[in-house]
Amino acid sequence: MKKIGLIILVMMSALYGAPATKSYECTKIFEDRKNELLVELERIDEQKQSLDSLKRATEELLRKKEAMVQGKDVKVDQKLNEIKAKEASIKKMLDENKKVLEQIKQLKSDKVSQTFAKMKPSASAQILSQMPSSDAADIMSTLNSKVVGQILAKMDPKKGSEITDKLRKIPEPPK
């Protein structure tokens, strides 16, 4: 019986001793794995913080760039408005200059027309015969038809026909 008791005791200790060792090894493995996971979690947290910091810096830089672009947009708009105002002013001055030039041309033409209208037809015919046909036609187009007829009658027929041809091609002035 002693032997049986001893065998039972040895077996019991072997049975109860083995699970304790396996349990201890599993706990150690789980603790090691837990520590590895905690280290990995800390590394991931550091990366997340780094990423958040980079994101904030990027957003701040983007806001600064947008503010700078908006400032430049405002300046461009101001310059564009200035250019449009100057363009309108120049166009207005150009229109005024055209009107003044037209008035000067009209006055000049009227003065020349009056001069030729007051001259004798023979003297006018001699002067106009010496001019290029297109210039003579321009002058004669401002005279009334009776005076033109008298001047053409006193002119060389060849020169008179050239001027008459040019007179036909001159458009009628608006009345």
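Predicted model: local features only at pLDDT ≥ 70, side-chain atom pairs only at ≥ 80, totals over all residues.
View 1. The expected span is 1.5 Å times one less than the number of residues, and helices are DSSP runs of H or I with at least four residues, whereas strands are runs of E with at least two, numbered from the N terminus.

View 2. Lys159, Gly160 and Ile163 are buried in helix 5. These residues lie on the same side of helix 5, because they cover an arc of only 100° around the axis, taken from the directions from the helix axis to the C-beta atoms. On the other side of helix 5, Pro157, Lys158, Arg168 and Lys169 are exposed. Buried means under 20% relative accessible area and exposed over 50%, with partly exposed in between (1.4 Å probe, protein chains only).

**View 3. The cover over helix 5.** The buried residues of helix 5 are covered by elements including helix 2 (121-130), helix 3 (133-140) and helix 4 (145-154), where contact means heavy atoms within 4.5 Å.

**View 4. The whole chain.** The chain has five helices and zero strands, and 10% of its 175 residues count as buried. Among contacts between residues at least 6 apart in sequence, 64% join residues at least 24 apart.

Residues are numbered from 1 along each chain as its sequence is written. Local features need pLDDT of at least 70, side-chain atom pairs count only at pLDDT 80 or more, and totals for chains, interfaces and linings use all residues, while side-chain values use heavy atoms, with hydrogens and water left out.
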